[in-house]
Amino acid sequence: MSESTIPYKIYLEESEMPKYWYNLRADMQKKPAPLLNPATHRPMTAAELSGVFCDELVKQELDNDTRFYPIPEEILGFYKMYRPSPLVRAYCLEEKLKTPAKIYYKFEGNNTSGSHKLNSAVAQAYYAKMQGLKGVTTETGAGQWGTALSMACSYFGLDCKVYMVKVSYEQKPFRREVMKVYGASVTPSPSDTTAVGRKILQEHPGTTGSLGCAISEAVETAVSNPGYRYVLGSVLNQVLLHQSVIGVEAKIAMDKYGIRPDVIIGCAGGGSNLGGLIAPFMGEKLRGEADYRIVAVEPASCPSLTRGVYAYDFCDTGAVCPLAKMYTLGSDFIPAPNHAGGLRYHGMSPILSELYDQGMMEAVSVPQTSVFEAAEAFAHPLRPHGHGLLRPGGLREVPQRPDGRLRAHGRGIGPVRGEAAADLS
Ligand SMILES: Cc1ncc(COP(=O)(O)O)c(C=O)c1O
């Protein structure tokens with residue numbers, strides 16, 4: 001397709017939306033390592049996991065083989081409130097950067113909660129409702145996962161208890177208020193409402209918290225309240241499965257216009273948006289049908305892929321969760337209280353960790369200041385600088401690769417600069 005026919009925004013029809021989630025694990029010859037029971041060090045069984053997660057989500061978590069999961073009708077109906085999301089050609093940015101690269105981004109901020117997190121939140125809330133549960137508990141960093149889950153729970157009439165990393169609770173008051181508008185309870189973590197929170201507070205008085213702490217509190221609350229289960233917004237296999245809707249949809253749009261990306265870039269906190277975006281492309285790469293350069297961009301303040309070790313570690317700080325084999329900075333790692341928000345998780349999705357270990361993708365880490373500059377340049381595409389934004393794919397430095405893709409998501413409710421920067425870091 002000629003250059004002039006590619007619109008600024010590619011909007012698919014509702015009828016063109018993906019009808020299935022794609023399970024990348026089915027195409028991985030070497031599968032991600034299983035979650036281990038911390039007491040026995042044996043793989044977690046479905047029965048053990050079902051005390052924590054909804055039954056259907058346990059099935060999805062453990063399923064390394066089913067390639068396609070049909071998206072239930074009710075979830076598809078919910079998705080139609082904001083999907084298909086646009087694939088945007090960043091013409092102005094390309095011009096200002098004077099780059100030969102063609103830059104696209106998949107904009108997932110076009111829903112009321114403001115980010116891609118809703119894709120999995122609605123799925124997890126749906127399965128909780130189908131199981132007849134009263135409610136769910138969760139953690140949130142920047143607050144976007146918590147907002148998405150609160151919205152999904154209010155839709156299905158479920159109670160929602162959110163533990164929000166204390167520093168973000170204080171930095172982002174608008175976020176926590178939005179969650180409350182949806183009827184969720186929001187507790188700054190670590191808190192004195194759980195045994196694990198009290199222990200962390202005793203050992204680290206004055207701590208600003210971490211996602212690992214908030215996960216421990218949310219899990220404890222779920223298992224000690226009948227009719228509740230814990231849900232997680234990132235890292236887990238089931239979350240990447242739901243988020244594959246982003247990549248499958250992006251690929252449908254690109255195929256429709258004959259666009260083939262060379263470089264695919266995403267920010268990586270626990271890996272959900274990146275894992276979702278790359279899923280079908282990585283699938284082609286694993287099957288030897290195509291090759292793509294795939295780059296994870298993580299905050300320099302929490303560089304799990306670039307500075308961590310690939311080892312079994314607790315998913316949470318309080319060591320109440322199973323062990324996952326992942327790139328990790330250590331489950332007791334407390335990042336600096338900066339604006340990396342939801343990217344501040346000590347580990348990385350086991351699927352992405354395994355792919356990174358196999359050399360199927362790259363990773364870079366970027367300091368907050370460059371991210372702010374890049375986010376500002378992105379927000380004001382007429383301004384003539386933006387090296388931070390370029391840095392992930394080095395788009396200006398790779399003229400031999402004419403197609404580049406850049407993913408941005410979340411539109412931030414509240415302190416927009418901070419959140420946009422976090423999203424792009
Ligand atoms: C908008 C947004 N993007 C990215 C992230 C990072 O998480 P993940 O790596 O799971 O996409 C978060 C985390 O909360 C987020 O809210």
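This is a predicted model: local features need pLDDT of at least 70, side-chain atom pairs count only at pLDDT 80 or more; totals for chains, interfaces and linings use all residues.
## Overall picture

Let us start with the whole chain. The protein holds 17 helices and 15 strands, and 57% of its 425 residues are buried. If you look at contacts between residues at least 6 apart in sequence, 75% of them join residues at least 24 apart.

## The largest nonpolar core

The largest nonpolar core has 116 residues. Within this core, the residues that touch the most other members are Val122, Ala125, Val136, Leu149, Ala152, Tyr230 and Ala296. Helix H11 (residues 237-256) supplies the largest share, 9 residues. Because domain 1 (3-21 + 73-114 + 240-424) and domain 2 (24-65 + 117-230) both contribute residues, the core lies between them. As general background, nonpolar side chains in soluble globular proteins tend to be buried together.

Leaving aside residues up to four places away in sequence, alanine 296 touches Gly266, Ala268, Leu274, Leu305, Leu352, Met361 and Ala363.

## Helix H8 and its covered side

Helix H8 spans residues 173-181, and its buried residues are Arg175, Arg176, Val178 and Met179. These residues sit on the same side of H8 because they cover an arc of only 155° around the axis.

What lies over them? The cover for the buried residues of H8 includes helix H6 (144-156), strand S7 (159-165), helix H7 (166-171) and strand S8 (185-189). After H8 comes glycine 183, with a positive phi near 95°.

## Helix H12, enclosed and kinked

Helix H12 is largely enclosed by the rest of the structure, since 13 of its 15 residues are buried. Along H12 (residues 272-286), you will find a kink of about 55° at alanine 279, shortly before proline 280. Glycine 288 follows H12, and its phi is positive too, near 75°.

Strand S5 (residues 102-106) is mostly covered, with 5 of its 5 residues buried. Which way do the residues of S5 point? Lys102, Tyr104 and Lys106 point one way, while Ile103 and Tyr105 point the other way, and all are buried. For context, side chains in a regular strand alternate between the two faces of the sheet.

The partner to look at here is strand S4 (residues 87-89), which pairs with S5 in the antiparallel sense over 3 bridges. In this pairing, valine 88 stands opposite tyrosine 105 of S5.

Notes. Residues are numbered from 1 along each chain as its sequence is written. A residue is buried if 20 or more other C-beta atoms lie within 10 Å of its own, exposed if 12 or fewer, and partly exposed in between; C-beta atoms are placed from the backbone. Helices (H or I, at least four residues) and strands (E, at least two) are DSSP runs, numbered from the N terminus. The arc is that of the directions from the helix axis to the C-beta atoms. Two residues are in contact if their C-beta atoms, placed from the backbone, lie within 7 Å. The bend at a residue is the angle between axes fitted to the seven residues ending there and the seven starting there. Two strands pair if DSSP finds at least two bridges between them. A nonpolar core is a set of buried Ala, Val, Leu, Ile, Met, Phe, Trp, Tyr and Cys residues joined through C-beta atoms within 7 Å. Domain bounds come from an automatic or database domain assignment.
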